[in-house]
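Biologist: Could you walk me through this model, from its overall build down to its cavities and ring pairs?

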Amino acid sequence: MEQSAATRTGSARTGTTREEWRNTILAGLANYIDAGSIVAGAAGLTLWTKEFGLSSSFVGLIGAFSSNAISAGVGALIGGWLCDQYGRKRIYQWDLLVYAFGLLWIIFAQEPWMLVTGYIIAGLAVGADVPASWTLIAETAPDKERGKHAGVAQVLWMMGPVIVLAMAFAVSGLGILGIKIVFGHLLVVALVLWAMRRRMSESTVWSDARDDEAPKVSLSAFRELIVQRKFLGPLAFLTGMYGLWNLMAGTNGFYLPFILRTVGSQSQAMSVGLQCLSFLLVALGVAFVFMRYVDRVNQKRLFMVGAVLQIFALLLFAIFPLSLPVALGYVLFLGIGGGFAQQPFFQLWSGEMFPTLMRSTAQGLMFAVVRIGLGIWSFFVPAITKAGFHTLAWILTGFVTASALLGLFFAPSNAGKSLDEIQRERDGGDDRGEPRFTRDGAPASTASRERVASG
């Protein structure tokens with residue numbers, strides 16, 4: 001199916017076609033299965049611990065190598081580079097089949113090592129899918145609605161946990177079988193999504209940029225991202241802002257039911273229900289605040305309001321005993337604030353602040369650092385929780401506060417600007433807004449730039 005002419009010519013156009021919304025949803029569903037698999041594992045963590053007699057160190061191992069952390073990071077690093085080299089669509093042809101294969105290991109696990117194997121395979125697949133999906137959304141959305149389209153992907157990211165946790169709540173009486181049913185639903189969604197994505201077109205923004213340069217496979221894009229100042233600045237800001245926050249979010253997403261049960265003495269049903277409410281509130285925050293305002297207000301101010309709400313939520317955990325009212329307050333403020341702070345803005349800004357042929361590579365590199373960092377941190381969460389829950393809560397509060405400060409000092413505000421305009425502002429490129437670098441990040445020749453300008 002070919003993309004519309006409006007999509008191909010698009011920088012002045014502000015309306016959204018039905019095809020563009022369809023592409024955004026199909027791309028954004030990568031978020032659904034990513035977050036869904038993370039939270040399905042979280043919901044089943046205490047059940048697996050009981051079923052297999054897992055130690056706290058093995059629980060940390062599952063969290064570290066799951067799709068919540070290291071495996072997704074490695075997948076993003078490889079997948080992001082492949083997206084820029086061979087196209088966004090190429091990733092879609094295989095990654096969801098690999099994801100489905102990983103889920104089969106989890107569903108039919110008879111030994112602890114099978115759980116880890118399944119999570120590693122599934123994590124590699126969803127990690128590769130994320131930069132492909134986020135890049136495609138950034139490149140196909142209308143300029144004045146790019147934030148809104150990014151918000152759709154974030155709503156789907158939150159709906160994955162909501163639906164998964166609602167299912168886990170409904171089948172909580174079935175024990176391990178109930179969790180296998182939840183993972184079975186993700187398997188079906190992945191296969192249906194794979195079939196529907198086969199009709200999607202390649203990003204014309206990538207195709208046009210690719211046509212302007214001779215095909216060449218190179219790893220130097222990684223080097224250019226790190227050594228060139230104009231790339232290193234946004235790379236460091238986005239990685240730090242999102243990475244510090246994600247240490248808290250990953251802990252919350254994977255371990256909250258576990259913490260509520262072991263520290264807060266809540267039932268399995270209540271623990272899963274509270275986490276379900278948390279993700280639902282995030283989705284509402286994205287839908288009614290982020291999507292409504294992000295394309296027409298000062299983005300830094302919007303970011304800071306959401307970040308402060310999350311800090312307040314974490315202070316409740318840090319200061320007060322983990323009672324049910326404290327847990328409800330935590331869920332309320334963290335959920336609403338999370339809807340228009342670090343996660344949605346990372347997706348939006350990471351798609352805007354790098355040139356076309358380095359966009360997915362940059363996103364994959366940042367996502368890899370963030371998820372691998374979370375994986376290393378996850379090794380220690382069970383032990384820290386056992387040593388003292390309030391200590392963990394203060395550490396998480398510090399992470400989110402540092403993330404908010406990075407946003408306060410370095411966040412951009414690109415509302416309404418085209419990707420071309422943003423690149424011209426950042427690197428002084430040619431009239432089409434393409435940076436003065438070849439597809440592998442090296443300086444483009446004068447002839448190449450003239451060809452782009454005339455093209």
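What follows is a set of questions and answers about the structure shown above.

Modeller: Happy to. This is a predicted model, where local features need pLDDT of at least 70 and side-chain atom pairs count only at pLDDT 80 or more, while totals for chains, interfaces and linings use all residues. Residues are numbered from 1 along each chain as its sequence is written, and side-chain values use heavy atoms, with hydrogens and water left out.

Biologist: How many helices and strands are there in the protein?

Modeller: Helices (H or I, at least four residues) and strands (E, at least two) are DSSP runs, numbered from the N terminus. By that reading the protein has 21 helices and zero strands.

Biologist: What percentage of the residues of the protein count as buried?

Modeller: Buried means under 20% relative accessible area, exposed over 50%, and partly exposed in between, with a 1.4 Å probe and protein chains only. Among the 455 residues of the protein, the buried share is 62%.

Biologist: How many cavities of 30 Å³ or more does the count come to?

Modeller: Rolling a probe the size of a water molecule over the atoms shows where empty space is left. On a 1 Å grid over the protein atoms alone, a cavity is a set of points where a 1.4 Å probe fits but cannot get out, and a pocket is an open set with protein on both sides within 12 Å along at least five of seven lines; lining residues have an atom within 4 Å of a point. Grid points are joined across faces, edges and corners, and a volume is the space filled by probe spheres set on the points. For cavities of 30 Å³ or more, the count is seven.

Biologist: Which helix gives the largest share of the lining of the largest cavity?

Modeller: That cavity holds about 310 Å³ of space, and its lining has 24 residues, with Trp-157, Met-158, Trp-245, Ala-249 and Phe-279 nearest the centre. Helices H2 (18-52), H8 (146-170), H12 (229-262), H13 (268-293) and H15 (324-338) each supply at least two lining residues. The largest share, eight residues, comes from H12.

Biologist: How many charged residues does the lining of the largest cavity have?

Modeller: Ala, Val, Leu, Ile, Met, Phe, Trp, Tyr, Cys and Pro count as nonpolar, Asp, Glu, Lys and Arg as charged, and the others, Gly among them, as polar. The lining of the largest cavity has 13 nonpolar and 10 polar residues, and its charged residues number one.

Biologist: And which helix gives the most to the lining of the second largest pocket?

Modeller: The second largest pocket holds about 240 Å³, and Leu-82, Ile-91, Trp-94, Asp-95 and Ala-128 lie nearest its centre among 17 lining residues. By class, these divide into 12 nonpolar, three polar and two charged. With seven residues, the helix that gives the most is H4.

Biologist: How many degrees lie between the planes of Trp-134 and Trp-157?

Modeller: Rings of Phe, Tyr and Trp (its six-membered ring) pair if their centres lie within 6.5 Å; planes under 30 degrees apart count as stacked, over 60 as edge-to-face and the rest as tilted. The whole structure has 18 aromatic pairs. Trp-134 and Trp-157 form a tilted one, with 5.9 Å centre to centre and a plane angle of 40 degrees.

Biologist: Why does the pair of Tyr-242 and Phe-346 tie together parts that are apart in sequence?

Modeller: The Tyr-242 and Phe-346 rings are stacked, at 4.1 Å centre to centre and 10 degrees between the planes. Tyr-242 is buried at 0% relative accessibility, and Phe-346 is likewise buried at 0%. Tyr-242 lies in H12 and Phe-346 in H16 (residues 342-352), so the pair joins parts whose separation in sequence is 104 residues.

Biologist: Is H16 largely enclosed or exposed, and how many of its residues are buried?

Modeller: The buried residues of H16 include Phe-345, Phe-346 and Trp-349. H16 is largely enclosed by the rest of the structure, because its buried residues number 11 of the 11.
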